[in-house]
Amino acid sequence: MRLRNIRGAREAMLESPYVIDAPEQWKGRWAELFGNSNPIQIEVGMGKGRFITSLAEGNPDINYIGIEKYSSVLLRALQRREEGELHNLYYLRLDAEALPEIFAPEEVDRIYLNFSDPWPKDRHAKRRLTSPQFFQRYDRILKKHGLVEFKTDNQELFDFSLASVEEAGWILKASTRDLHHDGLLNEGNVMTEYEARFSAEGKAICKLIAYRKR
Ligand code: SAM
């Protein structure tokens, strides 16, 4: 089922204290919202939120913000969020293109991109969340040596993303084309919804970790 049009999704979000309305007002002040100066990590395109909720549960000293473009998908994450008591997780309904309007330079410690939409047509390459254009946006909000971590099952998108890292002037810290059999990179791996589904189908999962040369 396409989830984009679930009735009441927008209303449910407007009422929830966990979905931040007008997030640009917190630019440079996210620490105030969380009430502490712990590192802030974001997931862009979080889908139903399994990954970021698990991280927030397991790491109470890190602040998390899950970002999702569509209300109806975000509503699923919200339902999961409301099942547990978490002081360190908020959500934004936002297109990732707006990230530099929402976070100040150096405000974000790490960015997770999981199973991002591949946008297979060349003319849509700029929309891929691992395009050089998106790396430039990440650069404007990440702190020095802050990481981008990207997972996908899509080999073509992975090739494109490795090339983007270089083109954008970033440094590849680590990469694998078979995460679940990589002793080092798989340690502490938290599965996303898509990852669980694809690996159950026998697909290998690719992962890269990159940071910006400064
Ligand atoms: N990360 C989840 C996972 O691994 O299970 C969901 C993966 S799903 C293929 C990609 C998600 O990214 C979708 O929910 C989509 O709506 C969201 N998305 C795509 N482009 C986006 C953008 N520009 N800004 C925010 N979210 C986006």
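UniProt positions are given here in the numbering of this structure, and its annotations may be inferred rather than shown by experiment. With that understood, the reader may turn to the unreviewed UniProt entry, which places the feature "binding site" at K121, D153, T192, E193, Y194 and E195. These positions are spread over 75 residues of sequence and are also spread in space, with up to 25.1 Å between C-alpha atoms. The structure itself is a predicted model.

K121 is found in the loop between β4 (108-114) and α6 (132-139). K121 counts as exposed because it has 8 C-beta neighbours inside 10 Å, and the limit for exposed residues is 12 or fewer. T192, for its part, sits in the loop between β6 (170-176) and α8. Here 24 other C-beta atoms lie within 10 Å, so T192 is buried; the threshold for that class is 20 or more. Apart from residues up to four places away in sequence, T192 touches R50, F51, N114 and F115.

The unreviewed UniProt entry also carries the annotation "binding site" for E43, E68, D95 and D117. Although these positions are spread over 75 residues of sequence, they cluster in space, and the largest C-alpha distance is 13.8 Å. E43 belongs to strand β1, which spans residues 40-44. E43 is classed as buried because 25 C-beta neighbours lie inside 10 Å. Once neighbours within four places in sequence are set aside, the contacts of E43 are F51, I52, G66, I67, Y112 and N114. D95 occupies the loop between β3 (89-93) and α5 (99-102). With 13 other C-beta atoms within 10 Å, D95 is partly exposed.

The next subject is the overall division of the chain. The domain assignment gives domain 1 (1-21 + 31-94) and domain 2 (118-214). Taken over C-alpha atoms, the centres of the two domains are separated by 21 Å. Their contact takes 8 residues from domain 1 and 4 residues from domain 2. On the side of domain 1 that touches domain 2, helix α3 (residues 50-58) contributes the largest share, 4 residues. The residues of that side of domain 1 divide into 3 nonpolar, 3 polar and 2 charged.

Which residues are the closest to the ligand? Of the 19 residues that surround the ligand, the closest are G45, G47, K69, T192 and E193. The shell around the ligand takes at least three residues from each of domain 1 and domain 2. Among its secondary-structure elements, β2 (63-68) and α8 (193-200) each supply at least two residues. The largest share of the shell, 3 residues, comes from α8. By class, the shell has 8 nonpolar, 5 polar and 6 charged residues.

F115, one of the residues touched by T192, has a phi near 55 degrees, a positive value in a residue other than glycine. F115 is found in the loop between β4 and α6. F115 counts as buried because 21 C-beta neighbours lie inside 10 Å. E106 likewise is not a glycine and has a positive phi, of about 70 degrees. E106 lies in the loop between α5 and β4.

Is β7 mostly covered or mostly uncovered? This strand is mostly covered, since 6 of its 7 residues are buried. Strand β5 (residues 142-152) is joined to β7 by 6 bridges, and these strands run antiparallel. K151 stands opposite K207 in β7. Strand β6 is likewise joined to β7 by 6 bridges in an antiparallel arrangement. There, L172 has A210 in β7 as its bridge partner.

Technical notes: Residues are numbered from 1 along each chain as its sequence is written. This is a predicted model: local features need pLDDT of at least 70, side-chain atom pairs count only at pLDDT 80 or more; totals for chains, interfaces and linings use all residues. Two residues are in contact if their C-beta atoms, placed from the backbone, lie within 7 Å. A residue is near a molecule or strand if its C-beta atom, placed from the backbone, lies within 6 Å of it. Ala, Val, Leu, Ile, Met, Phe, Trp, Tyr, Cys and Pro count as nonpolar, Asp, Glu, Lys and Arg as charged, and the others, Gly among them, as polar. Domain bounds come from an automatic or database domain assignment. Two strands pair if DSSP finds at least two bridges between them.
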